[in-house]
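This report is for a reader meeting the structure for the first time. Please look at the sequence and the model before reading on.

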Amino acid sequence: MFVIAHLSDPHLDGSVAARDRLRRVTAYLRDFSRPVDVVLVTGDLADHGSESEYAEVAAELALEVPVLMLPGNHDVSAPLRIGLKEYVESPGEGHPVHQVRDVAGARFVLLDTSVPGEDHGLLSAESLAWLTGVLAEPVEGPLFVAFHHPPNELQHPVLDQWILQSSEPFAEALRGRPVTALLAGHVHNGLATSFAGLPLLVAPGIRSTAPLPFEPAARDGLVDLTTPPGLALHVHVAGQPLVTNYRFLTSTSQ
Ligand SMILES: [Fe+2]
Ligand SMILES: [Fe+2]
């Protein structure tokens, strides 16, 4: 059994409120009787992308298990590479911060879908060519492709403005490849859908939730701070479908 703790959007900014919500999740993970195999954080690690925020991210996510991270639209490549050098292994410098990481027999292709200074996502022709090459490599175990911006509309009138553009060539790069699942964040909602015939599993936003317009929490606007922070636990067993559990943490597990 291979278990991924999938976190997203902690938006650390030096505030106690943001830190406490992430700590609720990390305290919960530390209390497991069987540690997860890997922690994956799908972007918006920091809120403004400053070096001090990345120092905070590095400290708060110093766990006993491998931790993988990728950038979101709130992240900034240069300070991210410096502040998270213990976590991020990406060739080159600056933007984009793509990675291929192998953990306990599973391969993670971590894409940087951010566009500096913009909220929407995009994969350039160069990034798509890189992805096509990586996905052509033979893999033995499960293969996950993770990124920040979901590539298809999620029927949310506000967030759908800021999804990944270039979704057609992205789907083309994925088709026919042995991808177990696509893992994303950005929309601050735990949800499951599909893209290019593959499961697309989105982790809840740790910092906040973005309610659908007809939900009670939407009466106060786009950002819901009352829903507790959450995460996804993806459980993989060879030869069987991936199982995803969503958890929302009303208080620390201690
Ligand atoms: Fe976010
Ligand atoms: Fe985002």
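This is a predicted model: local features need pLDDT of at least 70, side-chain atom pairs count only at pLDDT 80 or more; totals for chains, interfaces and linings use all residues.

Residues are numbered from 1 along each chain as its sequence is written, chains are lettered from A and ligands numbered from 1 in the order in which they are written, and side-chain values use heavy atoms, without hydrogens and water.

Asp 9 (OD), His 11 (NE2), Asp 44 (OD) and His 188 (NE2) coordinate the iron ion (ligand 1) at 2.1 to 2.2 Å. Donors are N, O and S atoms within 2.8 Å of the metal (3.2 Å for Na, K and Ca); water is not among the atoms, so sites may look incomplete. Asp 44 also bridges to the iron ion (ligand 2), and the two ions lie 3.4 Å apart.

| Residue | Relative accessible area |
|---|---|
| Asp 9 | 0% |
| Asp 44 | 2% |

Six strands form an open sheet with mixed pairing, in the order β4-β5-β6-β7-β9-β8. Strands (E, at least two residues) and helices (H or I, at least four) are DSSP runs, numbered from the N terminus, and two strands pair if DSSP finds at least two bridges between them. β4 (99-103) and β8 (191-195) are at the edges with a single partner strand each, so one side of each has no neighbour in the sheet. Strands β7 (residues 181-184) and β9 (residues 198-202) run parallel and are joined by three bridges; Leu 182 has Leu 200 in β9 as its bridge partner.

Definitions and conventions. Buried means under 20% relative accessible area, exposed over 50%, partly exposed in between (1.4 Å probe, protein chains only).
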